[in-house]
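Here are my notes on this one, as promised. Have the viewer open while you read, and tell me where you disagree.

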Amino acid sequence: MRELLDKIEARQRLVRETAERLREQITELTGQLAAAERTLERLETTRETVLELATEDGTPPPEPLPPGHREILALFEQNGNGLRAREVCRTLGTGTEPRHTEGMRAKLKRLVNRGILTESEPGPFTLTPSAPTTPETDSN
């Protein structure tokens, strides 16, 4: 009987230690979450201010990019070199079937039309060197 009680007490200590570690992790994560939320609020305020200033100067605000386009731009920023549509598909994990590649090529062409990417003939797409970074084109 004493052995069983000792095992139970040992198990209780282990569970208490685990619970305490989890409480510490929750406290740490809660702090990280609060910091991330404050950063998001500051970024949103900054974005609104930039758009407000742009409209005061008579500059039309840029059209926001869809999330999929932001992921593509982040890939180009990381790569630094030109990428073909198939390479973008492969890296983003969207598939390399012709229909996926053609869909990606269409997205890349839209970014070329907006002056964000350039396309070599025939060849890879690259970031336009003079593309200004705005809240809508910034991938961060």
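This is a predicted model: local features need pLDDT of at least 70, side-chain atom pairs count only at pLDDT 80 or more; totals for chains, interfaces and linings use all residues.

Which residues of the largest nonpolar core touch the most other members?

1. **The core.** The largest nonpolar core has 15 residues, and those touching the most other members are I72, F76, V88, M104, L108, L111 and L117. Helix 2, helix 3 (85-92) and helix 4 (98-113) are the elements that each supply two or more residues to this core. Helix 2 is the biggest giver, with four residues. As a general point, nonpolar side chains in soluble globular proteins tend to be buried together.

2. **I72 as a way in.** Setting aside residues up to four places away in sequence, I72 touches V88, L92, M104, K107, L108 and L111. Note that K107 is on that list as well.

3. **L75, also in helix 2.** L75 sits in helix 2. Is L75 buried or exposed? With a relative accessibility of 10%, L75 counts as buried, because the cut-off for buried is under 20%. Beyond its neighbours within four places in sequence, L75 is in contact with L83, V88, T91 and L92. Take the pair L75 and T91: they are 16 residues apart along the sequence, while their C-alpha atoms are 8.2 Å apart in space.

4. **A buried histidine.** H69 belongs to helix 2, which runs over residues 67-79. H69 is buried, at 8% relative accessible area. Which residues does H69 contact once neighbours within four places in sequence are left aside? They are K107, R110 and L111. I'd look at this spot by eye, given that K107 and L111 also turn up among the contacts of I72.

5. Helix 3 has buried residues A85, V88 and C89. Why do they fall on the same side of the helix? Their arc around the axis is only 100 degrees, so they share one side of helix 3. R90 and T91, on the other side, are exposed. Helix 2 and helix 4 are among the elements that cover the buried residues of helix 3. Just past the end of helix 3, G93 has a positive phi of about 75 degrees.

6. **Salt bridges.** The count comes to five salt bridges; here are some of them.
   - R23 pairs with E20 at 3.4 Å, N to O. These two are also three residues apart, about one turn, but in helix 1. E20 is partly exposed, at 39%.
   - R99 and E97 meet at 3.1 Å, N to O. R99 counts as exposed at 59% relative accessibility, whereas E97 is partly exposed at 41%.

In general, an α-helix has 3.6 residues a turn, so residues three or four places apart point the same way.

7. **A nonpolar patch on the surface.** M1, L4, L5 and I8 make a nonpolar surface patch of about 430 Å². M1 lies in the segment before helix 1, which spans 2-56. At 78% relative accessibility, M1 is exposed.

8. **The whole chain.** How many helices and strands does the protein chain have? There are four helices and two strands, in the order α-α-α-α-β-β along the sequence. Of its 140 residues, 17% count as buried. The accessible surface comes to about 10400 Å², and carbon and sulfur atoms hold 54% of that. Among contacts with a separation of 6 or more, 46% are between residues 24 or more positions apart.

Conventions. Residues are numbered from 1 along each chain as its sequence is written. Side-chain values use heavy atoms; hydrogens and water are left out. Buried means under 20% relative accessible area, exposed over 50%, partly exposed in between (1.4 Å probe, protein chains only). Contact means heavy atoms within 4.5 Å. A nonpolar core is a set of buried Ala, Val, Leu, Ile, Met, Phe, Trp, Tyr and Cys residues joined through side-chain atoms within 4.5 Å. The arc is that of the directions from the helix axis to the C-beta atoms. Accessible areas come from the Shrake-Rupley method with a 1.4 Å probe; for residues, only the protein chains shown count as cover. Patches are made of residues with over 30% relative accessible area and no salt bridge: like charges are joined within 9 Å, nonpolar side chains (Val, Leu, Ile, Met, Phe, Trp, Tyr) within 5 Å. A salt bridge is a side-chain nitrogen of Lys or Arg within 4 Å of a carboxyl oxygen of Asp or Glu.
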